[in-house]
Amino acid sequence: MSATILEAQPSYLGWIFDEFLPGSHILNLTARKGSRVLSDNHQLNTHAQVSGSATPYDTAIEAGLSLAGALGNTPLLAVRSFDRRGIVHHWNPACETRYGIATKDALGRPMNDLLDVEEVSGENLNEAIQQIWQGTLPGLSRELRLKTVGGQTKLAYVTMFPVFRHGQVSDIFCMDLDIAAFKPLKGSVPSDVLRFKTLFERSADAIILLNEDSFLDANPAAMKMFGYTDKSAMVGQHPENLSPPLQPDGRNSRSKAREMISLAHQLGNYRFEWVHRRASNEDFWAEVLLTAISPSEQALLYAVLRDISDRKDVELKMRLNAQAFESSREAILITDSNKQIISINRAFMEITGFSASEALGNSPKMLSSGLHDQDFYRNIWDTVRVLGHWEGEIWDRHRDGRSYPQWMTISAVINAAGVITNYIAVFSDITHRKASEEHTRYIAEHDFLTNLPNRILLLDRATQAIGAAQRNGKQLAILFLDLDRFKNINDSLGHHIGDRLLKQVAQRLEACVRSSDTVSRLGGDEFIILLIDVDNVESVGHIADKVLKEITNTYLVDDYEFDITGSLGISLYPMDGNDMDTLIKNADAAMYHAKERGRNNYQFFSKEMNVRLVERLTMELALRKALDNEEFMLLYQPQVELCSGRITGAEALIRWMHSDFGVVPPGRFIPVTEESGLIIPIGKWVLETACLQAKAWEKAGYPIVMAVNLSSVQFRQKDLLSTIVSALQRANLDPHLLELEITEGIILEGAERTIETMNALVRIGVKLSIDDFGTGYSSLSYLKRFPINKLKIDRSFVRDIDTDAGDAAITRAIIDMARNLNLKVIAEGVETKAHLDFLLAHGCDEYQGYYFAKPILAEEFERMLKIPEGDT
C-alpha cells in the first residue's frame, strides 16, 4: 500500500489511531502544502498528485481519499480547535449538531464560553493541556464530560493534539467521539473507520505516519520490517535514526531525508529507494512512496515501504554478471537452442578477430579450423547433451586465417521443463600458455648446460624403445661414458671453463650417433647414449670406438687446449637387463671396469663386473657408517734420520677394522672414499687424530714431526686451510710439527691456485713434502716454484736399488737434485741393510720402512721413542 490514506482533519486521525491502534499518537504536525488542503470554509478539497501510471499503490490512494472524505462528514466525529488564547478556529458540522452551537456563532469565541470540560477519571486535564502547549506532550486521549451553554452534558472520547507553526504550538485540535452513541453499539462503529483500521493493520506493506521530524505511527508490517516488537521504540524516531549515517550515494541520511520530504510536499507524493537500518543493526533496501497530507497549515506525511533487498541483490548480481560478461578476459558466446550466436562479449571479438555484426546470427562453425574431424565435434555435443557441459582443448580459426589453440568450456542452459534453451561457450587463447608449457617441459626434460635430454627424458624414450624392441625382437645398447679426471679441470681452472668444455663434448657425442638415438647428460661429466635397433655387438663396439676417438681430439676453450679421455661401459638389452634402471646400473659397472683397465677404453658388461660393483657399493655403504662406529684407527711408521739413527718423525697411516670385511687395506677403500666424497670427513678425522697424538708425544718430551697424507680431493677443498688450522688449534700443536704429504698430481692440476694454497700453509708454519716422487711428471720447474720442504722417494725405486742400475741411478739423481735445491730427502720402503747402506752412502737424509719398523700403534711407537738413540 502506498497512498495517502489519512488525508482528513487531524482529529479524525487521532481518534482512529487511539481507538484502534492503542498507544499511538499523532504529534508535531507542521504546515506544508500537500495533496489535501482544508479550505477557509472548512470544506475538504481533494487534489492528490500521484507520479507515474496507475498501480496497486495508486488504487490505494483513491481508497484512502474516499475514506477521508467519508470521515469528514460522519456525525460521530466533532472536530474543533482553539489557539493559546482559547479562541475557536475550527468548528465542524458535527459540533453544531452535538453542542447546539452554529459554526458562525462558535468561531472567534473563547472555547470556555461554549463548553465546560470536566475530566471523568479525575486526572488534571489543565495540566496535560499545558504540557501540550509546551510541546512536552505529543497529545492525549481522554473520556470527558462536556457541558454546553444550553445546559446539556455530553460524554465524549476526546483526542487532543498540537498543531505547530514556526516551531511553536499554535493550536490544539480536538476530535470528539460521542461515547453515548458509540458504546451501546460497540459493533456499530462506522464502516469507513473499520475499513481504515483493517486497511492499516492488515496491509502487507509497511505503513508509517510521520512529519519531517519524526515517525508518528507504524503499522505491524512496518514494525516487523524494522524488527521492533514495541511500537514506542519506533514512534518519535527521526528517519535518520533508523538509517545508516550515509546513503549508498554517499549523502548524509538526515539531509537527504529532508530533501525527500520536501519533494513529497512539492509533488504531492514521491517514490524513491532508501537504505534503512533494522533494530538488529542490519541495513536493508526499501522502496518508499512518501505522500504529503496538509490539513490547514499543518504538515503530515504518509510513507509506504517495501523491502526490496532481494530485488537489489538480484540487480547487483545482474550488474556484476553483465560487467563480468563484458569485461571478462575470456571470450564468451551465447547461442540459442539451434546453435545460432545471439550474444558475444568484447573478449570474443579481441580473441577471434570477428566483430559483433559478423558473429551475431551466425553459427559457431564459422570458427572451425579444419584441424578436427567430425567425430571430435560429435563427441563434444554428445558430452554436452549427456553431462550438460564439456571442457577441453580445441583449435579454432582466427579471422586472419591462422589457427590457434583454445581452452573451451561449453555448457547447456536448461529451463524448468528440462529443455535446452541456450548454449554458453567460454574460451581463452592458450597459445602463450602452450608455448610456456612446452618451454617448461623442455627445461624439465633437458640438461640446462648442454641442452641434451636429461635423465627424465632419457627414461621416457628408453621405456618406449624397450617396448618397441620387445615387439620387434630388436636389441638396445646403453653406453655409459665418464670423462677421465675431468674434476681436475673444474678445480684448477674453474667451472666456467669446465662447463664450456662439456658443451663441446656434448656436440661431439651427438655427431657420433643417429638422430633416432639419444645422447643424455646425467650430470657432472657423465653421459649416457641410448642406441636403438642394434643389429649386433660389433656395431655397438664400432660406435664406442668412434665416441672415444672423437672425444680425445684436442679442445680449445679460451686460451686453453685440452686433451681428455673417457671411460665407457656398455650394457645390452635384453642380455644385460630388461629395464632401464638395470641397464644403466650394469653399464655403470662396465664403465668402472674400464677405469680399472687404465681408462680411455670401453668394456662390455659381464656378471663378474656386477659382482665387483656390488662389492664396491657395499663397501661405500659400510664406509658411511665407519666413522660413527669408530671402525678406523691410525698406525704410525717411524721416520728415521740416517746419520744418527734418531726417530725424527712419524707417518700416520689409516686402517679400517670392519666386523665383516676384517682389516681392509687402504688400497681397497681409499679410492672408494675419494670417488664418493667420504675422503673429506675421514681425512679430517685422520688429521685431527694425528695432531692430537703428536701433541701427546710432545708433552711426553718427544717433539717429532707428524706426517699426514692429503689426497687431491682434500687439497681442492676451499676450506682446507681452515680445517688444518682448526685441527692444530684443537690439539694446541705447533704447526712446525705437522708435515703434509701431497702427490705430484696435485701440483700439476692447477699451478696458480696450488701455489696460493701451499704458500698459505707454509705461512702458518706447516711443512710440505712430495710423496711418491719420481712416479709422476717430475719437473725441476715446479720444484723451484713451490714451497716444498722434502721429497719422498717412492718405494718402487728403493725396492731394487741394490740390484737394478736404473733404480739406483734414479735414486741418486733425486738425492742430488734435492741437495742442489736445498730440499730434504726421505726414502720409503727400506727393508734391507743394503737399502740402508746405499741411501747412507749417497747422502739421503731420512728413511722409513720395515727394516726399522712397520706401522705400529701409538703406544708401541711411544715405547720406541723412549729407547735411547743407537739401541733401536
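This is a short walk through a few parts of the structure above. Keep in mind as you look around that the model is predicted.

Let us begin with a sheet. Five strands form an open sheet in the order β11-β10-β14-β13-β12, and their pairing is antiparallel. At the edges stand β11 (215–218) and β12 (269–277); each has a single partner strand, so one side of each is left without a neighbour in the sheet. From one strand to the next, the twist averages 30 degrees. Within this sheet, you can follow β13 (residues 283–293) and β14 (residues 300–307), which pair in the antiparallel sense over eight bridges. To find one of these pairings, look for A292, whose bridge partner in β14 is L301.

Helix α10 (residues 253–267) touches β12, β13 and β14, and its direction makes about 160 degrees with that of β12. Helix α11 (residues 309–327) also touches β12, β13 and β14, with a direction at about 120 degrees to that of β13.

Is S337 buried, partly exposed or exposed? Its relative accessibility is 38%, so S337 counts as partly exposed, since that class lies between 20% and 50%. Leaving aside residues up to four places away in sequence, S337 touches I420, T421, N422 and Y423. The C-alpha atoms of S337 and V413 are 8.9 Å apart, although 76 residues separate the two along the chain.

Now turn to the interior. In soluble globular proteins, nonpolar side chains tend to be buried together. Here the largest nonpolar core has 77 residues, and L740, L791 and L839 have the most contacts inside it. Which helix gives the most to this core? That is α23, with seven residues. A second, separate core has 34 residues, including L481, L509, I529 and V534. As for L791, its contacts beyond four places in sequence include I770, F773, L783, I814 and M817.

Helix α23 deserves a visit of its own. At 1.5 Å a residue, its 21 residues (679–699) should span 30 Å, and the end C-alpha atoms are 30 Å apart, which agrees. Among the buried residues of α23 are I679, I682, G683, V686, L687, A690, C691, A694 and W697. An α-helix has 3.6 residues a turn, so residues three or four places apart point the same way. The buried residues of α23 also include E688, Q693 and K695. Just after α23, G701 takes a positive phi of about 100 degrees.

Definitions and conventions. Residues numbered from 1 in each chain as written. Predicted model: local features only at pLDDT ≥ 70, side-chain atom pairs only at ≥ 80, totals over all residues. Heavy atoms only, no water. Helix = DSSP H or I, 4+ residues; strand = E, 2+ residues; numbered from the N terminus. Expected span 1.5 Å × (residues − 1). Buried < 20%, exposed > 50% of the residue type's maximum accessible area, 1.4 Å probe, protein only. Contact = heavy atoms within 4.5 Å. Core = buried A, V, L, I, M, F, W, Y, C linked by side-chain atoms within 4.5 Å. Pairing = 2+ DSSP bridges. Axes fitted to C-alpha atoms, helices over the stretch in contact; angles between N-to-C directions.
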